[in-house]
Amino acid sequence: MTIGEALKWGIKKLTGSGVDPVRGRSPQGDRSTAFGGAASNGVDSPALDAEVILAHVLGVPRAELYIHPLTTLLPAEAATYKILIKRRFKREPVAYITGHKEFYGMDFIVDKSTLIPRPETEMLVEEALKAVKARNTKTLCVVDVGTGSGCIIVSLTKILNQISRHKTLHFFATEISPQALKIAKLNAKRHSLADKIVFRKGYLLKPILSNLEKTVPQSRLLITANLPYLPTAEWRRAMEDVHYEPRQALDGGKDGLEYYRHLFEQLKSWRGIKKFANVAVLAEIDPHQVNEFTTLIKSFFSRASLSIKKDLASLDRVAIAVL
Ligand SMILES: C[S@@+](CC[C@H](N)C(=O)[O-])C[C@H]1O[C@@H](n2cnc3c(N)ncnc32)[C@H](O)[C@@H]1O
């Protein structure tokens with residue numbers, strides 16, 4: 001079987017299977033396109049998926065497939081390719097098949113314990129960087145709660161270490177899933193940041209509160225959070241691909257805001273919060289949750305200033321609350 005033949009076979013196999021595009025589909029994103037009943041006639045990308053899988057098997061960049069279409073696959077390569085195409089046919093996300101996902105221009109290891117990083121989450125990183133640049137504090141603590149693959153904290157640590165050399169920076173990440181935390185640590189190591197980020201297993205902010213209390217008074221605290229925000233009923237209705245991802249990463253309880261509610265509860269009852277000059281929470285939300293999220297935050301912090309940023313699809317995506 002040549003590369004060209006393999007691609008044709010893979011595309012044919014995946015065509016009509018209702019697979020999702022490798023990019024752009026956002027199970028935590030726009031609910032109108034990402035969920036409700038799109039499973040059988042979703043936007044397919046069999047060609048892209050077959051290419052990505054074949055390039056992964058051969059260990060070459062995707063573009064190279066078209067430079068050498070007549071090269072014959074080794075029997076072991078052909079066999080592996082067929083197995084992986086069959087996994088995709090059963091709706092397993094491509095990122096779990098290849099074990100990788102690009103986020104903010106960096107490569108991240110993913111497995112079934114981690115959410116697959118979404119393109120819209122890159123906005124959270126963008127906004128966090130803008131928030132840091134806008135305020136000139138010498139000491140900054142960044143905490144990523146529910147770090148998953150570590151995509152947010154690793155990207156922020158990498159960039160802030162490059163652009164804010166004069167600042168004292170502390171980076172923390174928490175995660176409830178031990179296996180996901182392992183992957184996040186691996187990703188930090190891969191990007192040579194293992195010694196720069198403190199990873200802790202536990203419930204939201206709890207495992208790092210004592211670390212935060214030890215930092216310099218009047219520091220600035222920036223919390224990034226992409227917590228599970230799908231209402232349970234919606235998670236149940238989600239497409240098959242989404243159910244490959246951990247429920248713990250997606251199901252946000254009855255109204256989808258259970259974890260954000262607990263996060264604000266923790267912050268409100270934490271006495272250490274007073275030592276910080278400024279506390280900002282940047283949260284990724286579902287575009288349909290803006291009103292409920294606003295009410296929620298005001299119920300804990302009545303004087304918080306809140307702004308909502310839109311993503312590239314013009315959907316409300318990141319809430320920035322300065323407490
Ligand atoms: C939506 S995923 C986001 C993962 C990653 N931050 C990203 O943006 O790709 C939410 C993450 O929060 C974790 N999580 C859920 N409940 C948690 C809790 N109570 N405390 C800490 N982490 C939690 C999940 O295991 C999951 O990794």
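Mentor: Two helices, α7 (151-163) and α11 (247-250), each supply at least two residues of the shell around the ligand, where helices are DSSP runs of H or I with at least four residues, numbered from the N terminus. This is a predicted model, in which local features need pLDDT of at least 70 and side-chain atom pairs count only at pLDDT 80 or more, while totals for chains, interfaces and linings use all residues. Residues are numbered from 1 along each chain as its sequence is written, and side-chain values use heavy atoms, with hydrogens and water left out.

Of the 19 residues around the ligand, G146, E175, L204, N226 and A249 come nearest, a residue being near if one of its heavy atoms lies within 4 Å. By class, this shell has 10 nonpolar, eight polar and one charged residues, with Gly counted among the polar ones and Asp, Glu, Lys and Arg as charged.

Turning to polar contacts (pairs of N or O atoms within 3.5 Å), a polar side-chain atom of E175 lies 2.5 Å from an oxygen atom of the ligand. Backbone atoms take part as well: a polar one of T147 is 3.3 Å from a nitrogen atom of the ligand, and a polar one of I176 is 3.2 Å from a nitrogen atom of the ligand. Taken alone the ligand exposes 600 Å², and the protein buries 99% of that, by the Shrake-Rupley method with a 1.4 Å probe.

Key
Polar contact = N/O pair within 3.5 Å; in protein donor to acceptor, adjacent residues only side chain to side chain.
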